[in-house]
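Subject: Structure handover

Hello,

Here is the structure I promised to pass on. Please open it first, then read my notes below.

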Amino acid sequence: MKIGLVSPYAWDVPGGVQAHIRDLASHYIMQGHQVSVLAPATDESAIVENFVISAGRPVAIPYNGAVARVLFGPVASSRVRQWIAGGDFDVLHLHEPAIPSLSLLACSIAEGPLVGTFHAAAPRQKATFAIAPFLEPVIEKLRARIAVSDIARETLRIHLDTDAVVIPNGISATFYETAEPNPAWKKDFTIGFIGRFSEPRKGFDVLLEALARIAQAIPNSRLLVAGPGEVVEAIEGVDPPLRSRITFLGRVDDDAKASLLKSINVYVAPNTGGESFGIILAEAMASGVPIVASDIPAFKQLLEDGKYGLLFENENTSDLAEKIIHLLQDEALAKSYSEAGVEYAKRFDWSQVGEEVMNVYLHARAEDEKVTLLSEARPWSRLFTRGNKE
Amino acid sequence: MMEFPILLIPTVILLIIWYLTASATRLDRLHQRVETSWANLDAILQRRASLALQLTHLPGSDPAANLLLTSAAHQARAADISERSEAESALTGALLLLRQEQWLVEKYPEVFAELDHLTERLKIGISLHVEGVSAARARRSKAIYRIFRLAGRAPLPVKYAFEDDSLAEVQR
């Protein structure tokens, strides 16, 4: 099958959606499908994957509590057009087609077997309601919509009045299960945190505040932090004696991330909101580390109301401290979460998720149907575009 | 002062024509989506019915269950569109009964793996079809589509009744 994937965000800037597209593409290539990915890129030479094609330099806009690098405009539009015309795709899979970037562009230009995946979960936003009438006719062209979680599905229902099939994000379960711990990191009572700790919605401050209590109860407890951000700024408000307990590793690659998860005693996700799935929790479960997470809707759903990890009241530092201490001191409880998590995480493995997405592709497509450009499908517009076709 | 309404009238007419054409295109696309999803759903249902008939020929299976399955499969194949979902639900029930026979499943793992695969695809197929049909029907019920007969001669998509909230089920 010839599959075209479109990323709305810059390929060379790490992010959940990009990682999802990369892994999905690699999975299908391994299975023998032909895959091409179109994505914005701030630096084209930074793209290492041979299946990724750059659509040009993105612009930075604030979105959902973070900075999103998106791409639109006439130049991008003609790139998309070229890519679709030359791709001969059986199915076009557009990621996050409701935000103003490449996916939305591709959705408005193309016709045929189009599938869209909605990653984001956002509360009711007036801005989205305002542009909904313009989005609707475009989004409507998608033959099938996928939401990565119930919360993402609900967001879609509220904002665009359309339903979706829920298929979770994928992980490489065995990669995390079989990773080796790093002896330098593996010490007793180590708490782990991964993510951009400078972003308020990641809740790192909540964890820092809880750390003082944890240190009182467990004198040799430590905190390992992986992810990009301003270290000096982050620990400004922290008592100097506590600072020695915190180690910042900076941005880590997938191998280091996997061995970090294998080296720690508990993984903490104190996110205060804006999360729609929580892929890091699935990865933590696969590696067998017990989890303490805030009770935001996405985590509550993923951990099945605390069946696969301890939930603490969002932004409540004393509750967080209590739950972490409880898990660090109760070995039997930690072990039961660890075993249940490894088993449950298999559900998110690409072998499973990839097949579900493939089933959606198969249903979105009539026999022998191809993705075409809108102008090809409309006989009268052929009159106007004949001149500038390749 | 006289020129203002003279220019306005053709502009408004053009805008109305553009709006109606765009609306008709949108509805046409929805119809196409329903046709595609029905064709795919139908193909999977046909495959399931023939697999069900294949199951009745497995040596060692219960004759009473076989009879039930055979008649359910034939009914599903013969049903017209209005009776289809009822007949398919009956087949689902008969297949579920057979699926519970653990020794049979262990004896013929390949056939039952195929059945499970078809069941997975069926769930997605049904939810996509149901969604498409409701979208098309909702659009056609709007006043502007009825007044200007934007649906043309396209038949009203038939609701596929069974498994109402099948979308929620797909997750598991």
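The buried residues of α1(A) are covered by several elements of chain A, including β1 (2-6), β2 (34-39), β6 (91-95) and α15 (350-364). Please bear in mind that this is a predicted model.

Which residues of α1(A) are buried? They are Val17(A), Gln18(A), His20(A), Ile21(A), Leu24(A), Ala25(A), His27(A) and Tyr28(A). The helix itself covers residues 16-30 of chain A, 15 residues in total. From first C-alpha to last, α1 reaches 21 Å. That is close to the 21 Å expected at 1.5 Å a residue. After α1(A) comes Gly32(A), which has a positive phi near 100°.

Next, the aromatic rings. Over all chains, the search finds 10 aromatic pairs. In one of them, the ring centres of Phe193(A) and Phe204(A) lie 4.9 Å apart. Their planes meet at 50°, so this pair is tilted. Phe193(A) sits in strand β11 (residues 190-194) of chain A, and Phe204(A) in helix α7 (residues 204-217) of chain A. The two are 11 residues apart, and the pair links distant parts of the chain. Both Phe193(A) and Phe204(A) are buried.

Phe197(A) and Phe248(A) also pair. Their ring centres are 5.1 Å apart and their planes stand at 55°, so this pair is tilted too. Phe197(A) is in the loop between β11 and α7 of chain A, while Phe248(A) is in strand β13 (residues 246-248) of chain A. The pair therefore ties together parts 51 residues apart in sequence. Phe248(A) is partly exposed, at 22%. Phe193(A), Phe197(A), Phe204(A) and Phe248(A) form one aromatic cluster.

Now the contact between the chains. About 2,400 Å² is buried between chain A and chain B, with 48% of that from carbon and sulfur atoms. Chain A brings 31 residues to the contact and chain B brings 26 residues. On the chain A side, Glu140(A), Arg143(A) and His363(A) lose the most area to chain B. Together they make up 30% of what that side buries.

There are 5 salt bridges between chain A and chain B. One of the salt bridges joins the side chains of Glu136(A) and Arg26(B), at 3.6 Å from N to O. The interface also holds 10 residue pairs in polar contact. Which element gives the most to the side of chain A that touches chain B? It is α15(A), with 7 residues.

Best wishes

How values were computed:
Residues numbered from 1 in each chain as written. Chains lettered and ligands numbered in written order. Predicted model: local features only at pLDDT ≥ 70, side-chain atom pairs only at ≥ 80, totals over all residues. Heavy atoms only, no water. Phe/Tyr/Trp six-rings, centres within 6.5 Å; stacked < 30°, edge-to-face > 60°. Helix = DSSP H or I, 4+ residues; strand = E, 2+ residues; numbered from the N terminus. Buried < 20%, exposed > 50% of the residue type's maximum accessible area, 1.4 Å probe, protein only. Expected span 1.5 Å × (residues − 1). Contact = heavy atoms within 4.5 Å. Buried area = accessible area lost by both parts, 1.4 Å probe. Salt bridge = Lys/Arg side-chain N within 4 Å of Asp/Glu carboxyl O. Polar contact = N/O pair within 3.5 Å; in protein donor to acceptor, adjacent residues only side chain to side chain.
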